[in-house]
Amino acid sequence: MELRHLRYFVAVAEEANFTRAAARLHLAQPGLSAQIRQFERELGQPLLDRGGRTVTLTEVGAAVLPHAKAALAAAQRIADTVDEFTGLLRGHVRVGLISGAAPEEFDVAAVLADFHDDHPKVAISLTEDTSERMLAALGRGELDIALVGLSGAELDPGLGKQVVLDTAVVAAVAADDRDHGASIPLAALRDQPVICLPTGTGLRGVFERACAAAGFEPRVAFEAAAPPLLLRLAARGLGVAVVPALTAAEAAAHGVRTLPIVEPELRGQLAIVWRTDHPAAPATKVLLGQLRIALGDRSGDRRQISEEY
């Protein structure tokens, strides 16, 4: 029995299709089929049912699959251990990033570039998505590390986090608006048109959870992924934008003034999140450490707003 046979069998089982599995493994489909048949002959039992539109596991195949995955994981841990002793990092690290978090205050690209210079044999993939979808991908094991906006909901117990930014969530209205005072109670937004980030973003989650606790559903009139667009809409009097805190200069530049949201006050957080429910590969450990050091803890800072906070 060879590890490659286990790897081929797991790929076909997960893809439920020989063509997709062959593409994933960078093999020709006929060659993959021949290797699987060879593996089945060696075991003396069919592992896959090829009779339908999709490939399914036989009863024996279903029993073998978890052992095949465990054997592949053990083999990878052996390779990782050797690499740790030799100081050589290999592998693949999958990183998730909320839109717009790359420039200046969260220069993830610079960290990735430095890591690549030091460890050129490690492949890095970078995905931009909403916080909600990236947290789900972390839970499924499809991402290793992500920079996300936290909604205030409990994280999966298999995830660890480091908050790198904690800031107030405020309301932005047109600079010449005289209908609002120096602050705005959350309940006052019950019947007002709200301008907000899309569902699945951390700040939207914080806002909606607070509204639900106050007994109402916000009337979201406009939503956009780019906070500067939210501010432009608010500047034209189309509603109240819910955004991370701005400096006075930033607010003036966008033609708005900001009001603290009170009763209750709302806070938004950005955090680095990673898997903790199984041992991380050496490359993931090193990159995670570099990201945690580089991004640090900026709690209380008022930074330029990110694209998908």
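Predicted model: local features only at pLDDT ≥ 70, side-chain atom pairs only at ≥ 80, totals over all residues.
**Largest pocket**

I started with the volume, and the largest pocket comes out at about 1,400 Å³. I then looked up the lining, which runs to 35 residues. Nearest the centre of this pocket I found Ala-73, Gln-76, Arg-94, Asp-144 and His-278.

Next I checked which elements the lining comes from. Helices H1 (3–15), H2 (18–25), H4 (59–86) and H10 (282–295) each give at least two residues to the largest pocket, and so do strands S3 (91–97) and S12 (266–275). H4 has the largest share of that lining, with eight residues.

I also asked which domains take part. Domain 1 (3–64) and domain 2 (88–308) each put at least three residues into the lining of the largest pocket.

Sorting that lining by class, I got 14 nonpolar, 14 charged and seven polar residues.

**Second largest pocket**

The second largest pocket has a volume of about 250 Å³. I noted 18 lining residues here, and those nearest the centre are Glu-132, Leu-135, Ser-151, Ala-153 and Gly-200. Helix H6 (131–140), strand S5 (145–150) and helix H7 (202–213) are the elements that supply two or more residues to this lining.

Which helix gives the most to the second largest pocket? I found that H7 does, with four residues.

By class, I put down eight polar, five nonpolar and five charged residues for the lining of the second largest pocket.

Terms used:
Residues numbered from 1 in each chain as written. Heavy atoms only, no water. 1 Å grid on protein atoms, 1.4 Å probe; cavity = no way out; pocket = protein on both sides within 12 Å on 5 of 7 lines; lining within 4 Å. Points joined across faces, edges and corners; volume = space filled by probe spheres on them. Nonpolar A, V, L, I, M, F, W, Y, C, P; charged D, E, K, R; others polar. Domains from an automatic or database assignment.
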